[in-house]
Amino acid sequence: LPAALQPHQPFQVIVRYTTADGPAIWWLDPELTYGNAKPFVFTQGHSVCNRSFFPCFDTPAVKCTYSATVKAPAGMQVLMSATQSTYLEDEGVYQFYMEYPVPAYLVALVAGDLIHADIGPRSRVWAEPCLLPTAISKLSGMVERWLTAAESLYGPYIWGRYDIVFLPPSFPIVAMENPCLTFIISSILESDEFLIIDVIHEVAHSWFGNAVTNATWEEMWLSEGLATYAQRRITTETYGAAFTCLETAFRLDALHRQMKLLGEDNPVSKLQVKLEPGVNPSNLMNLFTYEKGYCFVYYLSQLCGDPRHFDSFLRAYIEKYKFTSVVAQDLLDSFLNFFPELKEQCVESKAGLEFERWLNATGPPLAEPDLSQGSSLTRPVETLFKLWTTEPLDSAAAASSVDLTKWRTFQTVLFLDRLLDGSPLPHEVIKKLSECYSSQLDSMNAEIRIRWLQIVVRNDYYPDLYKVRRFLENQMSRMYTIPLYEDLCTGTLKSFALEVFYQTQNQLHPNLRKTIQQILSQGLNPLPAIDTTAGTTDTPAMVLEDKVSEATNGAISLRDVNVSA
């Protein structure tokens with residue numbers, strides 16, 4: 001054999017390839033950016049899309065370092081999820097190197113009209129020029145605070161820099177934990193509390209998911225459940241237990257809502273999900289991955305008696321497995337070996353709470369956390385909801401009991417979500433709710449406004465329908481359009497939805513446009529394609545493309561799975 005092919009000898013394989021449009025690469029015309037000045041491109045590799053970006057072993061079980069050379073036109077800033085970068089201005093060439101092994105899905109690229117500002121000693125924020133001042137004002141000094149808190153819990157941050165880039169509203173999820181360079185949708189900037197939680201969740205992934213990764217997508221909870229637990233430990237350290245309990249209550253409400261939609265025996269509610277051949281692992285991304293996984297991790301922490309003891313275990317777990325991929329048994333064996341007294345007690349076989357049952361039983365979590373420390377924030381929500389849903393309605397008492405403008409965002413969205421769960425409401429109730437709160441909610445962030453507008457739609461409350469139109473005319477992101485279109489098409493307002501979509505479709509990314517078209521076409525005969533660029537027409541129309549075999553979102557509103565990756 002040639003020397004290069006001798007056993008145990010290193011050798012090099014060169015693959016020359018060209019990639020066309022693929023699911024990992026999102027090209028945006030200038031009109032789909034905030035600045036409307038330059039084109040934009042970003043990649044999204046999670047879960048198995050990067051095989052359309054570059055040849056790779058597209059599995060989380062395989063990790064490697066990488067280098068990349070990117071040539072771009074002058075005026076286009078290129079960034080990648082790498083520890084080192086250089087720019088040769090004369091040649092217009094960027095060079096990147098990731099010195100630590102990562103799975104393929106964490107290789108990411110973004111290029112566009114981006115500028116930066118430092119927001120901490122090891123962090124900077126990148127955004128379009130018109131967005132940068134807002135991003136600075138929201139995050140300056142904060143990221144270092146969160147990183148320091150995480151390090152105190154789980155050991156050193158190993159990736160060097162923690163930078164953030166804000167992407168246009170076409171970004172298909174809320175946030176993505178690409179190492180050294182977190183991607184976040186710009187739309188979330190106006191919702192302070194959601195921004196805080198989303199960034200802290202991605203910070204937590206630096207330890208859980210990036211350093212130690214689930215070896216198979218069938219055990220995605222190993223990244224998401226642990227990252228959610230770590231996120232809440234960080235928020236408890238920085239914002240207190242009450243805030244953490246409020247956010248947890250909001251998410252667990254959403255989990256139980258999803259459970260009602262899916263049914264308790266649905267196999268996707270397992271932590272160890274069976275991934276059938278041909279199924280995109282991203283289809284398994286649901287609140288069970290996050291919240292049921294979190295509940296299992298929280299249960300493990302409670303077995304230790306003191307969460308600080310569990311923090312010590314997680315530090316040891318990270319140190320042992322960093323830069324590798326693991327399965328659930330690795331975590332659980334390490335846990336029992338770290339706490340031999342628990343192993344002697346056979347906690348893994350405790351009746352009704354067996355580890356095996358946690359992993360493989362369908363349905364809700366076997367145990368949920370005690371959220372009583374958040375009662376000062378959650379009790380007013382429960383009281384107000386009861387006032388509005390108890391017959392006979394005393395609207396004066398309900399209206400005067402609380403000033404929503406003084407509530408935290410998570411309190412307001414928890415209240416509105418519970419009204420949504422109870423919809424349709426009696427006409428008198430929705431009318432009085434609108435009189436009391438509609439004008440107040442108009443000035444609040446999009447996470448709040450979309451929930452009120454969903455209540456308007458689910459209750460066919462026509463006096464506020466113009467606000468739905470106005471909202472959709474100004475939104476280009478999935479998370480603020482899909483839920484409303486799903487609700488509009490479920491009820492009696494499909495013609496209204498068609499009209500609004502016809503008027504706004506050109507401002508939507510083609511992928512989002514296609515998803516909305518699928519929603520609108522449910523139950524309709526195929527409509528002829530109409531060229532809306534040739535001129536104006538008074539007839540509501542939509543360009544219907546061939547329907548794919550499986551709708552992107554199924555029967556679950558995106559509002560219920562709007563979580564960071």
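V15 sits in the segment before β1, the strand of residues 25-28, where helices (H or I, at least four residues) and strands (E, at least two) are DSSP runs numbered from the N terminus. The model is predicted, so local features need pLDDT of at least 70 and side-chain atom pairs count only at pLDDT 80 or more, while totals for chains, interfaces and linings use all residues. Residues are numbered from 1 along each chain as its sequence is written, and side-chain values use heavy atoms, with hydrogens and water left out.

With a relative accessibility of 52%, V15 counts as exposed; the classes used here are buried for under 20% relative accessible area, exposed for over 50%, and partly exposed in between, with a 1.4 Å probe and protein chains only. Together with F11, V13 and Y17, V15 makes a nonpolar surface patch of about 440 Å². Patches are made of residues with over 30% relative accessible area and no salt bridge, like charges being joined within 9 Å and nonpolar side chains (Val, Leu, Ile, Met, Phe, Trp, Tyr) within 5 Å. The accessible areas come from the Shrake-Rupley method with a 1.4 Å probe, and for residues only the protein chains shown count as cover.

The backbone deserves attention next. Most residues other than glycine have a negative phi, and most peptide bonds are trans. The peptide bond from H46 to S47, however, is cis, with omega near 0°, and S47 lies in the loop between β2 (40-43) and β3 (63-71). Another cis peptide bond joins E391 and P392, with omega about -5°, and P392 has its place in the loop between α11 (375-389) and α12 (395-401).

Two cysteines have a positive phi. For C180, which is not a glycine, phi is near 75°; this residue lies in the loop between β11 (175-176) and β12 (181-185), and C180 is buried, with a relative accessible area of 6%. For C346, phi is about 55°, and the residue is found in the loop between α9 (340-344) and α10 (355-360). C346 is partly exposed, its relative accessible area being 42%.

From the backbone the reader can turn to charged side chains. Side chains of opposite charge can pair when their charged atoms come close. A search of the whole structure finds 26 salt bridges, each being a side-chain nitrogen of Lys or Arg within 4 Å of a carboxyl oxygen of Asp or Glu. One of them joins the side chains of R233 and D311, at 2.5 Å from N to O. Because R233 lies in helix α4 (residues 221-239) and D311 in helix α7 (residues 307-321), this pair ties together parts that are 78 residues apart in sequence. R233 counts as buried at 10% relative accessibility, and D311 is buried with a relative accessible area of 3%.

Another salt bridge brings together the side chains of R257 and D421, at 2.7 Å from N to O. R257 belongs to helix α5 (residues 241-262) and D421 to helix α13 (residues 409-422), so the pair ties together parts that are 164 residues apart in sequence. R257 is buried, at 8% relative accessibility, whereas D421 is partly exposed, with a relative accessible area of 43%.

The side chains of D487 and R458 also meet in a salt bridge, at 3.0 Å from N to O. Since D487 lies in helix α17 and R458 in helix α15 (residues 446-458), the pair ties together parts that are 29 residues apart in sequence. D487 counts as buried at 11% relative accessibility, while R458 is partly exposed at 27% relative accessible area. Salt bridges that share partners, moreover, join R257, D417, D421, E447 and R451 into one network.

Helix α17 (residues 478-490) also packs with helix α19 (residues 510-521), at an angle of about 15° and with their axes 9 Å apart. Axes are lines fitted to C-alpha atoms, for helices over the stretch in contact, and angles run from 0 to 180 degrees between N-to-C directions. Helices α17 and α19 are therefore roughly parallel to each other, since angles under 35 degrees count as roughly parallel, over 145 as roughly antiparallel, 65 to 115 as roughly perpendicular and the rest as oblique. The crossing of α17 and α19 is right-handed, a crossing being right-handed if the near helix is turned clockwise from the far one by less than a right angle, and left-handed if anticlockwise.
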